[in-house]
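Subject: Structure handover and notes

Dear colleague,

I am handing over the structure that we talked about, and my notes on it follow directly below. Please read them with the sequence and the structure open side by side.

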Amino acid sequence: MALFAVLATQAPAPGEAKEFRERLSEGFAYTRALVEKGIIRHSWIRVGASGGLNIYDVASHEELLSVLYDNPVSPHLKFEVIPLATPGAFDKLAIWNKPVEQS
């Protein structure tokens, strides 16, 4: 599986704010279903800003795109996608997984 951090920010086009607000509950229900299925591992709302940050666990870039754009409010969102890797995925970085020695 591939992990992606996705920062979603509200970005309704001029004149579409009303439609965005009307579909927002559908978007939250869609996100909740993805959390229940394990597709979204973590979900946060941004404090002091619009939008949120989700960690997606999907099989491919294509699946991520499908999941993002199937959201009923996706036409009103801007996405920033950040591919992730666990620290143990790289030998040079495996030191991150070792316990810190106390002096």
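Glu63 is partly exposed, with a relative accessible area of 27%, where buried stands for under 20%, exposed for over 50% and partly exposed for what lies in between, using a 1.4 Å probe and protein chains only. Helices (H or I, at least four residues) and strands (E, at least two) are taken as DSSP runs and numbered from the N terminus.

Before going further, please note that this is a predicted model, in which local features need pLDDT of at least 70 and side-chain atom pairs count only at pLDDT 80 or more, while totals for chains, interfaces and linings use all residues. Residues are numbered from 1 along each chain as its sequence is written, and side-chain values use heavy atoms, with hydrogens and water left out.

The overall fold

The protein has two helices and four strands, and along the sequence they follow the pattern β-α-β-β-α-β. The four strands make an open sheet with the order 2-3-1-4 and antiparallel pairing, where two strands count as paired if DSSP finds at least two bridges between them. Strand 2 and strand 4 stand at the edges with a single partner strand each, so one side of each has no neighbour in the sheet. On average, neighbouring strands of this sheet are turned by 20 degrees against each other, direction ignored; the axes behind such angles are lines fitted to C-alpha atoms, for helices over the stretch in contact, and angles run from 0 to 180 degrees between N-to-C directions.

Helix 1 packs on the sheet and touches strand 1, strand 2, strand 3 and strand 4, its direction making about 145 degrees with that of strand 2; contact here means heavy atoms within 4.5 Å. Helix 2 also packs on the sheet, touching strand 1, strand 3 and strand 4, and its direction makes about 135 degrees with that of strand 3.

Strand by strand

Strand 1 and strand 3 run antiparallel and are joined by seven bridges, with Ala5 standing opposite Ile55 and Phe4 having Tyr56 as its bridge partner. Strand 1 is also joined to strand 4, again antiparallel, by eight bridges; on that side, Ala8 is partnered by Phe79 and Thr9 by Lys78. Strand 2 and strand 3 pair in the antiparallel sense over five bridges, and Ile40 stands opposite Tyr56 in strand 3. Six of the seven residues of strand 3 are buried, so this strand is largely enclosed by the rest of the structure.

Strand 2 and strand 3 form a hairpin with six residues between them, and Gly48 in the turn has a positive phi of about 80 degrees. Ser50 sits in the loop between these two strands and, at 28% relative accessibility, counts as partly exposed. Leaving aside neighbours within four places in sequence, Ser50 is in contact with Ala8, Thr9 and Gln10; Ser50 and Ala8 are 42 residues apart in sequence and 8.4 Å apart in space, C-alpha to C-alpha.

The core and the aromatic pair

The largest nonpolar core has eleven residues, among them Phe4, Tyr30, Ile40 and Tyr56; such a core is a set of buried Ala, Val, Leu, Ile, Met, Phe, Trp, Tyr and Cys residues joined through side-chain atoms within 4.5 Å. Helix 2 gives the most to this core, with three residues. Tyr30 touches Ser66, Val67, Asp70, Asn71 and Pro72, not counting residues up to four places away in sequence.

The structure holds one aromatic pair, formed by Tyr69 and Phe79, which is edge-to-face at 5.6 Å centre to centre and 90 degrees between the planes. Tyr69 lies in helix 2 and Phe79 in strand 4, so the pair ties together parts that are ten residues apart in sequence. For reference, rings of Phe, Tyr and Trp (its six-membered ring) pair if their centres lie within 6.5 Å, with planes under 30 degrees apart called stacked, over 60 edge-to-face and the rest tilted. Tyr69 counts as exposed, at 51% relative accessibility.

With best regards
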